[in-house]
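Please read this briefing beside the sequence and the coordinates.

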Amino acid sequence: MSDFHINSMIGRRINVNKGGPEAKAGQLLHSGHNYIVVGTDEGAVYYAARHLKSVGEDLQSDNNGEKNGTGEFYDYLTPSCFSAIMDNMIGQNVKINRGGPESRQGVLLLSTYDYIALATEKEGVVYYKTDHVKSVSVVQEQEENDANADESESGSRTGRGSGRGTGRGTGRGTGKGTGRGTGKGTGRGTGKGTGRGTGKGTGRGTCEDTGRGTGKGTGRGTGRATGGTGGCTTGRMTGKTTGHGPTAAAMDVPYYREYGFNNLFDRLALKKVKINRGGPDAIEGVLTECANGYVVVLADNVIHRILTKHVKSISAL
């Protein structure tokens, strides 16, 4: 599709793709050199033009240029190219691809012309070849809070039941330094039981449940010394953007900085790796070498030779 036709739809409501995980409806905000920006219910989503299959214009919408009819305009970037978008997202919690096996969420550690490094909660650092990134967006804080609402409510109820009596009796002096801030979020009972107390005994058990529920980076135990700081020193990667803790912890994760994506194979040689996140092309095994345009992986006594151009992502296990 020509740039002229794309530009003519700026400000109007469109449908990106007719189906599949990357299909999304929203407002066309900008058309760049090799990408478009679409305002959706997830915020601004940046699509790589090379992966667009179709763009449909919604003729029945009012196309008033506003977000969900509230009059709030989207904030978005307009850099020179798709790769430069991710350069501006380093240190933020982002979502790579809308769905499908290659979709992951985490803190963006590195962006080069050829690949990106993403710190995820369950898979560690995942390296994506930029050519295979279909879309990217910054994860909205409200979206994270909604995802943790049920767990947070459950944690609050637990705190009120078991924290209040223990806290007051065991150490009022230490409480204010270790966890009072989190107590407010999860219920007064938890704050007094785990913050003002020592965080041991019954307080500790409650703390582990409520800490995860609040989603504020308090880590496994608010009663410990890390509770009062909002989880800045725990290093538990939740990928949240609330406060400073999770992002700072993720940025401390070691990762490889190489010239290009293919140079990562030399770094990961003789290590157990996972190539591609899922689907029929995913494979786990020991990476033995990379030569002549192939990655050689030993898995289940079978030698697999995979064309490097078909390696969408890779991570060490």
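Predicted model: local features only at pLDDT ≥ 70, side-chain atom pairs only at ≥ 80, totals over all residues.

Residues are numbered from 1 along each chain as its sequence is written, and side-chain values use heavy atoms, with hydrogens and water left out.

**Overall make-up**

- The protein chain has 11 helices and 15 strands; these are DSSP runs numbered from the N terminus, with helices being H or I of at least four residues and strands E of at least two.
- Of the 317 residues in the protein chain, 48% are buried. Buried means under 20% relative accessible area, exposed means over 50%, and partly exposed is in between (1.4 Å probe, protein chains only).
- The protein chain exposes about 15800 Å², and carbon and sulfur atoms supply 47% of that area. Accessible areas come from the Shrake-Rupley method with a 1.4 Å probe, and for residues only the protein chains shown count as cover.
- Among contacts in the protein chain with a separation of 6 or more, 56% are between residues 24 or more positions apart. A contact means heavy atoms within 4.5 Å.

**Salt bridges**

- The structure holds 10 salt bridges, each defined as a side-chain nitrogen of Lys or Arg within 4 Å of a carboxyl oxygen of Asp or Glu.
- Arg12 and Glu57 form one of them, at 2.4 Å from N to O. Arg12 lies in the loop between α1 (3-7) and β1 (13-16) and Glu57 in strand β5 (residues 55-57), so this pair ties together parts 45 residues apart in sequence. Arg12 is partly exposed at 29% relative accessibility, and Glu57 is partly exposed at 34%.
- Lys274 and Glu123 form another, at 3.4 Å from N to O. This pair links distant parts of the chain, 151 residues apart: Lys274 is in strand β11 (residues 272-275), and Glu123 is in the loop between β8 (115-120) and β9 (124-129). Both Lys274 and Glu123 are buried.
- Glu258 and Arg267 also pair through their side chains, at 2.4 Å from N to O. Glu258 counts as buried because its relative accessibility is 18%, whereas Arg267 is partly exposed at 45%.

**Surroundings of Arg277**

- Arg277 is in the loop between β11 and β12 (283-291), and it is buried at 4% relative accessibility.
- Its side chain makes a polar contact of 2.9 Å with the side chain of Glu123. A polar contact is a pair of N or O atoms within 3.5 Å; within protein, one must be able to donate a hydrogen and the other to accept it, and residues adjacent in sequence count only if both atoms are side-chain atoms.
- A polar atom of the Arg277 side chain also lies 2.9 Å from the backbone oxygen of Lys274.
- Beyond its neighbours within four places in sequence, Arg277 has contacts that include Pro101, Arg104, Tyr128 and Ser313.

**Surroundings of Ser111**

- Ser111 belongs to strand β7 (residues 104-111) and is buried at 11% relative accessibility.
- Not counting residues up to four places away in sequence, Ser111 touches Ser83, Met86, Asp87, Ile90 and Ile116.

**Cysteines**

- A search of the whole structure finds zero disulfides, a disulfide being a pair of cysteine sulfur atoms within 2.5 Å.
- Cys81 is partly exposed, with 23% relative accessible area, and Cys290 is partly exposed at 27%.

**Surface patch**

- Val286, Leu298 and Ile303 form a nonpolar surface patch with about 240 Å² of accessible area together. Patches are made of residues with over 30% relative accessible area and no salt bridge; like charges are joined within 9 Å, and nonpolar side chains (Val, Leu, Ile, Met, Phe, Trp, Tyr) within 5 Å.
- Ile303 sits in strand β14 (residues 302-307) and is exposed at 52% relative accessibility.

**Backbone angles**

- Most residues other than glycine have a negative phi.
- Asn17, which is not a glycine, has a positive phi of about 65°. Asn17 is in the loop between β1 and β2 (24-31) and is buried at 9% relative accessibility.
- Leu270 has a positive phi near 70°. Leu270 is in the loop between α11 (263-267) and β11 and is exposed, with 68% relative accessible area.
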